[in-house]
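Subject: Structure handover

Hi,

Here is the structure I promised. Please load it before reading on.

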Amino acid sequence: MKKSRNVGTSSPVNGKQDWDTRRKRKIADITQALSVSPVDVAALRRMAISEGGLLTDEIRCQVWPKLLNVPLDVLNQEPDTVDRENNKDYNQVLLDVQRSLRRFPPGMPDEQREGLQEELIDIILRVLQRNPQLHYYQGYHDIVVTFLLVVGEHLATALVEKLSTHHLRDFMDPTMDNTKHILNYLMPIIERVNPEVHDFMQQAEVGTVFALSWLITWFGHVLSDFRHVVRLYDFFLACHPLMPIYFAAVIVLYREEEVLECECDMAMVHHLLSQIPQDLPYETLISRAGDLFVQFPPSELAREAASHESMASSTFKDFELASAQQRPDSVLRRRRRQKQAALESSGVSSVVAVAQPSAARRFVRLAVMGLTVALGAAALAVVNTALEWAPKLDLFP
């Protein structure tokens, strides 16, 4: 995937006026969807997915509960008392929260931040206390703090509890087997779109661990601009629980040139991929991830995801057989230059073309797929039916 250039130009003034007009129309559409009975959840999902997401934290306070199907009686419940002393996770949660200073707005007074950190600890322990089947993992606090900063402690507790028993459920198992399995979807998605990048990563034996923190924190741990974090949360809350792995794939594909120019070495490629650029074109990548989910749904990738990680190790012997004069990275770069020259001579663009549905149709399909989340645990059915093929590899010793 390469950066595209827009044909033609428009003045900044006209562009701002166009956006202001679209923004006002979108706010009106969201207000209308919230005002009908029952609430038009499909329309809210389309609004959350489309350009700009839900626009403001005030709107998110109204829409996020609808996207997660949290009923009013739950929202109105008084919070439980938290028993910190007898909670087995308290010490680890405390350490993680104390290390989370950069997740709070710069310039926030220490007293205010410390108060929010106390609320963050209480939200996490309260959810775990109510749901003993859930197991805390490092990175969970990165998700919870996002909800706390947007909607406040009371509402965040209800939303995070629902999220933890649905979207995040696989990450909160006693083992990381299901998390590893979800990571295994990454390479099949890349292979469908750009086999050259896929083959390069396979020969480098980089694996998928570089994307672990992206996945289990919904990118909250790795993005420095809070606006980008909440924009992604709008998108993920409106879609299938596996959408974050599709977004991880489009980030890798977007960085095609950097990846292929990197030395074909596990440490080098891992270092490159684990450093996410902060100036990504988020709206473009969100649209692209939605397109790929519609084209290559999880049910189509399940068997490949189950066997993909073991394929990486099987190619290592072939990788070692390459002579010093024919290093795999050199071979891949030469192939790429030859392919580029052939395409240029034939007048064909080198960008991998994948048919893209219209924006309206994409939003409708994503919203319909996202509605399974509102129905409960059925949203994870695709993942659960694929688990029988999941490889049992010790990727996280």
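Predicted model: local features only at pLDDT ≥ 70, side-chain atom pairs only at ≥ 80, totals over all residues.

Cavities
A search of the whole structure turned up four cavities of 30 Å³ or more. I looked at the second largest cavity, which has a volume of about 60 Å³. Its lining consists of Val74, Gln77, Glu78, Pro79, Arg130, His154, Thr157 and Ala158. Which helix gives the most to that lining? Helix α8 (residues 153–164) does, with three residues. Sorted by class, the lining has three nonpolar, three polar and two charged residues.

Helix pair
Helix α5 (residues 90–98) packs with helix α6 (residues 110–130) at an angle of about 145°. Their axes are 10 Å apart. The crossing of α5 past α6 is right-handed. On the α5 side, Tyr90, Val93, Leu94, Val97 and Gln98 make the contact.

Record annotations
UniProt, in an unreviewed entry, lists residues 206–223, 235–254 and 366–387 under "transmembrane region". How much helix does the model have over residues 206–223? That span is 28% helix and 0% strand. Its end C-alpha atoms are 22 Å apart. Residues 235–254 are 75% helix and 0% strand. Here the end C-alpha atoms lie 18 Å apart.

Best wishes

Technical notes: Residues numbered from 1 in each chain as written. Heavy atoms only, no water. 1 Å grid on protein atoms, 1.4 Å probe; cavity = no way out; pocket = protein on both sides within 12 Å on 5 of 7 lines; lining within 4 Å. Points joined across faces, edges and corners; volume = space filled by probe spheres on them. Helix = DSSP H or I, 4+ residues; strand = E, 2+ residues; numbered from the N terminus. Nonpolar A, V, L, I, M, F, W, Y, C, P; charged D, E, K, R; others polar. Axes fitted to C-alpha atoms, helices over the stretch in contact; angles between N-to-C directions. Left-handed = near helix turned anticlockwise from the far one by under 90°. Contact = heavy atoms within 4.5 Å. UniProt positions renumbered as here; feature names shortened; annotations may be inferred.
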